[in-house]
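Opened the two-chain model today and kept notes as I went. Here is what I looked up, roughly in order.

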Amino acid sequence: MTTLAARYRRFAALRLWLLAAMAVVLCATLALDLATGPSGLPFADVVAGLLRPAGLPVEQRVILWEVRLPYAVMALLVGASLGLAGAEMQTALNNPLASPFTLGLSAAAAVGASIAVVGGFTLMAFGENLAVPLSAFVCAAAATLLIQLLAWRYGATVDTVVLFGIALLFSFEALLWLMQFIADSNALQQIVFWTMGSLARATWNKIGLVAAVLLLCALWSAKNAWPLTALRAGEDQARSFGIAVERLRLVTLLRVSLLAATALSFVGTIGFVGLVGPHIARLLLGEDHRYYLPGAALAGALMLSGASILSKTLVPGVVLPIGIITALVGVPMFMALVLSRRRGA
Amino acid sequence: MSEGLELRRLSAGYPRRPVLEGLDLERIAPGTLVALVGPNAVGKSTLLKAIAGLRPVRGQVLLDGTDLATLTPRERLRRVGYLPQALPQATSLVAYEAMLSALRASRADWSTAQAEAAIARVFATLGLDALALRPLGELSGGQRQMIGLAQVLVRAPRLLLLDEPTSALDLRWQLQVLQAVRAQVAEGRTLAVIAVHDLNLALRFCDRIVVLGQGRVLAAGHPAEVLTPALLQAAYGVRARVERCSLGHPLVLADEAISPTHDFP
C-alpha cells in the first residue's frame, strides 16, 4: 500500500516539474524577446552573437549586447522581483489584492523620480546619471520605513498596514500631481514617460544591482518559506506554533519594499505583474511557499518578458512603454483568472 | 518534581477590562482531560491563551514545576499545543502541507522521517487520510477544524489547550475528536484542557471540570459532582436538571433561561 508520505512526494514532484516547465518557457520567451525588435536581426545571428560576440558586425553586436540583451534581461529580473514581491505581500497581508502598489510603493517611487526630474538633479556614477533612480528608491524606501514605523507603533495587524498603505498611496499620488503641476513641459514629459514604465533605461550596471538585490531577497525569503506557509493556514494558527507573526510581517514587508523599490526605481511604474504573477503561481502550484515563491517569480518574469515582446511587435517599428502593455494585458488576464476561479468554485 | 499544570494568582484581559483576576487552579496531573466551561465572554479563551503565552498575564503558569514565563515563546509553544477557536483559513494550501508547516515552524529538530511518521499517525487516528492532498479551500468548516486539531496533535505537546475543538463538527466527528484526545491523554504523558459549551460532552469524556465565572474559578472537580442545578443557575443563569440516561450517564437538561440574573460581563 502506498504510504501517505509517498503520495505527497509524488504530488510535490509534479510541482517541481511544473516549475521546470515554467523555466523552460521562460528561456523560450527570452530567446524570442532577443530576436524581436525594430531592426531586423535573424534568430540565427542572435544565437551566434550570444555564443561568439566577436563574430557579429559591430552594429549588430551593439544592438544585441547593448540594447536587446539588457532590455530582455531587465524584463526578466524586474518581472521576477515584482512577482516575488507581490507573492510575499499577498501572504504577509493575507490579501489577494496586495501588490507593491497596495502600500503606495510605486506612487512613492514616482514622486521620487519626479522630484529629481523637476529639480534637475544629477548624480554621475558608473558613467550614468543615477539621480532619478536613486531619488525614486529613497522615496519608496522612506514610504516603507514610515509604514514600518506606524505599524510597529500601532501594531502590525493586516488592517493597520493596509490602511496606512492606502493612505500613503493617495498622499503620494497627490504629491505626484503637484510635481506635474509645477514641472515645465520638458520635465512633465519625462515624468509622464517614467510613470509609463520603460525597459529602455536598462544598462548592465543597473541589471547587476537588480540581480544582486533579487538574489539576496530570494535567499532571504527561502529562509522564511515555512513560517510564511504556516501563516497561510491562519494567523492564530501560526501564532500557536510559536511564530512571531507581527515580526514576520514587518520583515517580509521590508524585503518586499527593497525588491520592489529597487526594480521600480530603474524601470518606472510597471503595474499588474506583482498582482497577477502570484495568482498564476497559486493556481499552478498551490501555496506551499517552497514552490509558490519561485513560481511567482517565474510567472512575473514570464509576464514581463512576454510584455517586452509585445511592446516591440504591437506597433511595427515602435517600442511602446512596457507599463502600458502590462496594464493592457494584465487587466484581461486578471479578469480571466478571477472568472476561471469562480467557475471552478 | 510536581508534574502537571498549576495556575497561581493569574490575571489577564484587556487594559480597561480585566477578564481573569487572581485565578488559582490546583495542580492537575498528567493523564487528565479537563473541561473548561462557563458562559460566553467569561474568559475561557483568554485563560487558554494566557496559559499558552499568547496573552500578557500577571501571576504564574507552572507546567511540571517550571514557570512557563521563564521559557522562550518557541520553547513554551513546543511544550504547549494550543488550538485557536478560529478555523484554519480556506486557502490553496493542501492539508498535508499545513501539517508540514506546523511541524517545520515548531519542531525543526525533527527529521523528515519523524515528521512523516507523526503526520501519518495523526491522520490515521483522526480518519483524515482522504483529505491529505486536498486544498484547505475545498474543505468544509468542520474538515478544516479537524485539520487544525491535527496540526496541534502532530506536535505531541505535553499540554493540549483546545478552544472549542468541536464547534463546527457534526455528532460523529465530535465523538471522534473527543475519543482521539481521550486516547492521547490516556497514554499518560499528556494533559488536555478543552473549552467547550456542550456540558454533556464534558460529562461524558472529561475527568475534571473547571467552571469559570466572574473572572475566577467558580467550581472545579469531577464533572458529575460539580454540575448541579444550583451551580448551573449561578454560572449560566438557567434553570436546569441533571438526570441519568438509560445507560446511567448523567445528562444536563436546560429548561429555562432566568433573566436577568445572568448577563454578559
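Helices (H or I, at least four residues) and strands (E, at least two) are DSSP runs, numbered from the N terminus.

Housekeeping next. This is a predicted model, where local features need pLDDT of at least 70, side-chain atom pairs count only at pLDDT 80 or more, and totals for chains, interfaces and linings use all residues. Residues are numbered from 1 along each chain as its sequence is written, while chains are lettered from A and ligands numbered from 1 in the order in which they are written.

**Entry: confidence**

I noted ipTM 0.88 and pTM 0.89 for the model. Chain B averages a pLDDT of 90, with 97% of its residues at 70 or more; pLDDT is the predictor's confidence in each residue, from 0 to 100.

**Entry: hairpin in chain B**

I started with strand E1 (residues 5–14) of chain B, which runs antiparallel to strand E2 (residues 17–28) of chain B and is joined to it by six bridges. Which residue stands opposite Leu5(B) in E2(B)? I found Ile28(B) there. Two residues make the hairpin link from E1(B) to E2(B).

**Entry: the six-stranded sheet**

I traced an open sheet in chain B with the strand order E6-E7-E8-E3-E9-E10 and mixed pairing. Its edges are strand E6 (80–83) and strand E10 (216–221) of chain B, each pairing on one side only. From one strand to the next, the twist averages 15°. For angles, axes are lines fitted to C-alpha atoms (for helices over the stretch in contact), and values run from 0 to 180 degrees between N-to-C directions.

Inside that sheet I checked strand E3 (residues 33–37) of chain B against strand E9 (residues 208–213) of chain B: the pairing is parallel, over four bridges. Val34(B) sits opposite Arg208(B) in E9(B). A reminder to myself: strands of a sheet pair through backbone hydrogen bonds, either parallel or antiparallel.

What lies across the sheet? I got helix H1 (residues 44–52) of chain B, which lies across E3, E6, strand E7 (159–163), strand E8 (191–195) and E9 of chain B. H1(B) runs at about 150° to E7(B). Contact here means C-beta atoms, placed from the backbone, within 7 Å.

**Entry: chain B overall**

I counted nine helices and 12 strands in chain B. Buried residues (20 or more other C-beta atoms, placed from the backbone, within 10 Å of their own) come to 45% of the 265 in chain B.

**Entry: chain A overall**

Chain A has 14 helices and two strands. With 345 residues, the globule rule gives 20 Å and chain A has 21 Å, so it is as compact as a globular protein of that length. I logged 51% of the 345 residues of chain A as buried.

Definitions and conventions. Buried ≥ 20, exposed ≤ 12 C-beta atoms within 10 Å, placed from the backbone. Pairing = 2+ DSSP bridges. Contact = placed C-beta atoms within 7 Å. Rg over C-alpha atoms; globule rule 2.2 N^0.38 Å.
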